[in-house]
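Here is a short tour of a protein chain, from overall confidence down to its nonpolar residues. Have a look at the structure first, and then let us walk through it together.

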Amino acid sequence: MTKALLAITEMTVGESLVTAVLGIAVVMAVLALLAGIITVMSKVVSRMAQEEQAPAPAEKPAPAAPAQAAPAKPQGKPIPQTQSRGQCDLTTVDDKTAAMLMAIVADQMGEPLNTLRFTSIRPID
């Protein structure tokens, strides 16, 4: 019985090289197959996403939202950075919240805070 086991486990150098090359070839073939599957799936998903984004030609476009009035730009000489553009009516809003809202609006618009004119700040119910 031991002779049979020894015969099975003994391999020549050539057989070992063939087995190693075959193993590497199988691994590379499976990796190439997976890469191909991923490429095909990627293209299918991107086409589906493009079809979802493209509006149907028969659809009627939604009515445009009414344009909001742009804040008044300063006219004449510029106001110094330490001055404001007037009074703001705060309805049930504390000063800290109003200051935060004004700073956020100015930052989003990319304008200095002193060039914007806030007339009223109130919560929307």
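The protein chain averages a pLDDT of 76, and 66% of the residues score at least 70. Keep in mind that this is a predicted model.

As for the fold, the secondary structure comes to three helices and two strands, in the order α-α-β-α-β along the sequence. Among contacts between residues at least 6 apart in sequence, 62% join residues at least 24 apart.

Of the 125 residues, 7% are buried. A nonpolar patch on the surface has about 960 Å² of accessible area together, and is formed by Ile 24, Val 26, Val 27, Met 28, Val 30, Leu 31, Leu 33, Leu 34, Ile 37 and Met 41. One of these residues, Val 26, is found in helix α2 (residues 13-53).

What about the interior? In soluble globular proteins, nonpolar side chains tend to be buried together. Here the largest nonpolar core has seven residues, namely Val 93, Ala 98, Met 102, Ala 106, Leu 116, Phe 118 and Ile 121. Helix α3 (residues 95-109) supplies the largest share of this core, with three residues. Val 93, a member of the core, is in contact with Ala 98, Ile 121, Arg 122 and Pro 123, leaving aside its neighbours within four places in sequence.

Terms used
Residues are numbered from 1 along each chain as its sequence is written. This is a predicted model: local features need pLDDT of at least 70, side-chain atom pairs count only at pLDDT 80 or more; totals for chains, interfaces and linings use all residues. Side-chain values use heavy atoms; hydrogens and water are left out. Patches are made of residues with over 30% relative accessible area and no salt bridge: like charges are joined within 9 Å, nonpolar side chains (Val, Leu, Ile, Met, Phe, Trp, Tyr) within 5 Å. Accessible areas come from the Shrake-Rupley method with a 1.4 Å probe; for residues, only the protein chains shown count as cover. A salt bridge is a side-chain nitrogen of Lys or Arg within 4 Å of a carboxyl oxygen of Asp or Glu. Helices (H or I, at least four residues) and strands (E, at least two) are DSSP runs, numbered from the N terminus. A nonpolar core is a set of buried Ala, Val, Leu, Ile, Met, Phe, Trp, Tyr and Cys residues joined through side-chain atoms within 4.5 Å. Buried means under 20% relative accessible area, exposed over 50%, partly exposed in between (1.4 Å probe, protein chains only). Contact means heavy atoms within 4.5 Å. pLDDT is the predictor's confidence in each residue, from 0 to 100.
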